[in-house]
Amino acid sequence: MERYAGALEDVADGARQQERHYQLLSALQSLVKELPSSFQQRLSYTTLSDLALALLDGTVFEIVQGLLEIQHLTEKSLYNQRLRLQNEHRGARGQRDEVPPPPGRRLPAALGICANRLLP
């Protein structure tokens with residue numbers, strides 16, 4: 001008796017899956033109608049049906065979810081790296097600004113170096 005109950009559940013699951021497949025296929029076909037005709041010709045009924053079957057499997061959604069998590073972690077890491085580099089840059093610039101060269105000493109020194117190189 002349990003054997004028949006399991007078979008009935010399998011039939012019910014198959015019917016639900018078939019109905020979901022038709023829903024996805026119908027949605028895909030309506031999306032394809034919005035595309036230019038050159039693209040519509042490339043997407044056959046078989047291709048759309050295979051795509052609907054792939055969407056029925058939760059694997060596609062798991063892959064997309066995993067990729068979203070990776071993207072968010074990468075963006076967070078890059079943002080933190082950017083903040084760290086900005087702070088380092090501000091710190092380095094602040095240290096340079098704290099001890100400016102004495103006014104008027106850089107230009108005469110540079111002119112002296114150039115004059116020594118140009119004149120014998």
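Figure 1. Val60 is partly exposed, with a relative accessible area of 32%. The structure shown is a predicted model, and Val60 has its place in helix α4, which covers residues 59-98. Together with Phe61, Val64 and Leu68, Val60 makes a nonpolar surface patch of about 330 Å².

**Figure 2. The protein as a whole.** The secondary structure comes to 5 helices and 0 strands. From the N terminus on, the order of the elements is α-α-α-α-α. The protein has 120 residues, of which 7% count as buried.

**Figure 3. Helix α3 and its buried face.** Helix α3 consists of 12 residues, residues 45-56. The buried residues of α3 are Leu48, Ser49 and Ala52. Seen down the axis of α3, these buried residues fall within an arc of 100°, and they therefore line one face of the helix.

**Figure 4. His21 and its contacts.** His21 belongs to helix α1, which covers residues 2-33. The relative accessible area of His21 is 8%; because this value is under 20%, the residue counts as buried. When neighbours within four places in sequence are left aside, His21 is in contact with Ser49, Ala52, Leu53 and Leu56. Two of these partners, Ser49 and Ala52, are also among the buried residues of α3.

**Figure 5. The salt bridge between Glu88 and Arg84.** Side chains of opposite charge can pair when their charged atoms come close. A search of the whole structure finds 1 salt bridge. The side chains of Glu88 and Arg84 meet in a salt bridge, with a distance of 3.9 Å from N to O. Both residues lie in helix α4, and because they are 4 residues apart, about one helical turn separates Glu88 from Arg84. Glu88 is partly exposed, with a relative accessible area of 47%. Arg84 is likewise partly exposed, and its relative accessible area is 45%.

Terms used: Residues are numbered from 1 along each chain as its sequence is written. This is a predicted model: local features need pLDDT of at least 70, side-chain atom pairs count only at pLDDT 80 or more; totals for chains, interfaces and linings use all residues. Side-chain values use heavy atoms; hydrogens and water are left out. Helices (H or I, at least four residues) and strands (E, at least two) are DSSP runs, numbered from the N terminus. The expected span of a helix is 1.5 Å times one less than its number of residues. Buried means under 20% relative accessible area, exposed over 50%, partly exposed in between (1.4 Å probe, protein chains only). The arc is that of the directions from the helix axis to the C-beta atoms. Patches are made of residues with over 30% relative accessible area and no salt bridge: like charges are joined within 9 Å, nonpolar side chains (Val, Leu, Ile, Met, Phe, Trp, Tyr) within 5 Å. Accessible areas come from the Shrake-Rupley method with a 1.4 Å probe; for residues, only the protein chains shown count as cover. A salt bridge is a side-chain nitrogen of Lys or Arg within 4 Å of a carboxyl oxygen of Asp or Glu. Contact means heavy atoms within 4.5 Å.
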